[in-house]
Amino acid sequence: MIRNQTVGGQSVGASSSTFSVAKAWMRALEATSELGEHSLNTLPSVIEHHAGRRADAVALISSTSRLSYRRLSQLSNRYARWALAEGVGVGDVVCLLMHNSPEYLAIWLGVTRIGGVVALLNTNLVGASLAHCITTAMPKHTIVEAALLPAFRSAEEHLLVKSALWVFGEARTQNRIDTEITRYSGARLRKSERRPVTLSHKALLIYTSGTTGLPKAANVSHHRIMTWSCWFAGMLDVQSSDRMYDCLPLYHSVGGIVAVGAMLVSGGSVIVREKFSATRFWSDVVESEATLFQYIGELCRYLVNAPQCGAEQQHKLRLCCGNGMRRDVWERFKQRFQIPHILEFYAATEGNFSLFNVEGAPGAIGRVPPFLTHRFPAALIRVDPTSGEPARDPRGYFMRVGVNEIGEAIGRVGVDSNGIIGRFEGYTSARETEKKILRDVFAAGDVWFRTGDLMRMDAKGFYYFVDRIGDTFRWKGENVATSEVEEALATCEGVVEAAVYGVRVPGCEGRAGMAALVVNGAFELANLRRHVRTKLPEYACPVFLRLCPGMEVTETFKQKKRRLIEDGYDPDLIADELYFDDRGLGMYVRLDVPLLARIEEGQMEL
């Protein structure tokens, strides 16, 4: 057993036979205590450190390949030299559109090593949505996996910027990057090739839909990557013998940075899977000898609702870490699969504070221990239920909510000597960045970050997630922007007007998409279904439809969605025609009382 392990200059704590709350916090604090702004200790440099000390230790494992720390370092060095040869300067952007694979990580590690910035594109996006994300990044180069070329081609006509296209994998193209990099050496970069990239430099753009509109590109510095990596390495007590099972998208911060980084700074291994499979999950976890699993709540719900399998208690998992696990799922998940410890946390890619449920209290998203309240400056403020805006007292300041009252979570913006506390790096858009800022909140001149999340805190200090403010809702682990779905629906023949919102379905995490439509005689259900699937990622396609004679609006012509949300999709209560997307049949079918019962009993695929 390895104790007081130091990796890349950062201590990641000691191993213990039982999970200790106090030790977890202390390990995390110790691991992040020396992350100074001017440090050169970036994640690529840590991997180079391991390549010299533990060259043959396995870093990344996929279903088809394994990369040792030596090979990962060599492969990333090839991509670094490719970037240098192609004129990628410090701050220049390279877009990356690929499915999960070890090569995905090698690419962004190599490009960021020499100061480039990599924009991690959502592989579900197509057309105008994908084009928006690429245009926002203003890339010099774009790398696309061959299998995703059709998605990229659907976006080309909407692009407002031009970049050099490189394809990864078999394709009819002269710019095939996986063969191009074989021209370059994988040896350590020479002094003349190195650039003084510090933790303060920007490394990645990670997209988040926020509370309204199309995805926004959040700035992620090397400092943020190392903070996440070292903090979670300490929290999870990661050892070099650990293996993290990661089937979450690498373009998201949790699957692509937290799960990966916590292992790589510690010399552990990451089991990279292209996607989640409920039927293969437990046999895969057992065969891969995973000791850790990074989850989102929806995956855990799928697993507890799946039929029993012989492998589900034969695993070596010692801890599962993630967010979004509901209380009812939590208790069944832990008991049925014999999980020793669940570490739920709350965080956002662009957010400036996090919460951690180190104690393992079912349903809670976190708690700040009294001795650390000064390190995690968070508050819950009262919000006007109609406008969604914070309410002010007679003096003009915002008001904190009481125990078990619901309020919006905010975090104070500012930094300590290590640049950790309250750090907010914003988006590529200054306008979008400013929208997330509150000023003069509790005192003149103070600055706070808006999460857009409603929470409550109980008498013991545990926080519980309640809902999202605004029009965005979460479904299948993704944020769905209603404005984007409405825009896609509006371009379908026969649709006069569309209002999109999320509705709760018993037993499901998040909210399923529902669209209220005003249509004319040219409207056809089959055409609508085909249309949305060419315009939107699958998780954003409406699950329920409501055909309305007209849309109720405010005096400023904004749709009144509150009543639609409250109505839900009950055919006993709604006179309008209701439809459900039957994925088994591949068509929208009339929603009646018997079908409603099957949906709410979990008999229908959503």
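1. The structure is a predicted model, in which local features need pLDDT of at least 70 and side-chain atom pairs count only at pLDDT 80 or more, while totals for chains, interfaces and linings use all residues. Residues are numbered from 1 along each chain as its sequence is written, and side-chain values use heavy atoms, with hydrogens and water left out.

2. The protein contains 17 helices and 29 strands; these are DSSP runs, of at least four residues for helices (H or I) and at least two for strands (E), numbered from the N terminus. Its radius of gyration is 24 Å, close to the 25 Å that the globule rule gives for 606 residues, so the protein is as compact as a globular protein of that length. The radius is taken over C-alpha atoms, and the rule is 2.2 Å times the number of residues to the power 0.38.

3. Of the 606 residues, 60% count as buried, that is, under 20% relative accessible area with a 1.4 Å probe and protein chains only.

4. Helix H3 (residues 69–85) packs with helix H4 (residues 102–113) at an angle of about 55 degrees, their axes being 7 Å apart. Axes are lines fitted to C-alpha atoms over the stretch in contact, and angles run from 0 to 180 degrees between N-to-C directions.

5. The contact (heavy atoms within 4.5 Å) involves several residues, including Leu 72, Tyr 79 and Trp 82 of H3 and Ile 107, Leu 109 and Arg 113 of H4.

Conventions
Buried < 20%, exposed > 50% of the residue type's maximum accessible area, 1.4 Å probe, protein only.
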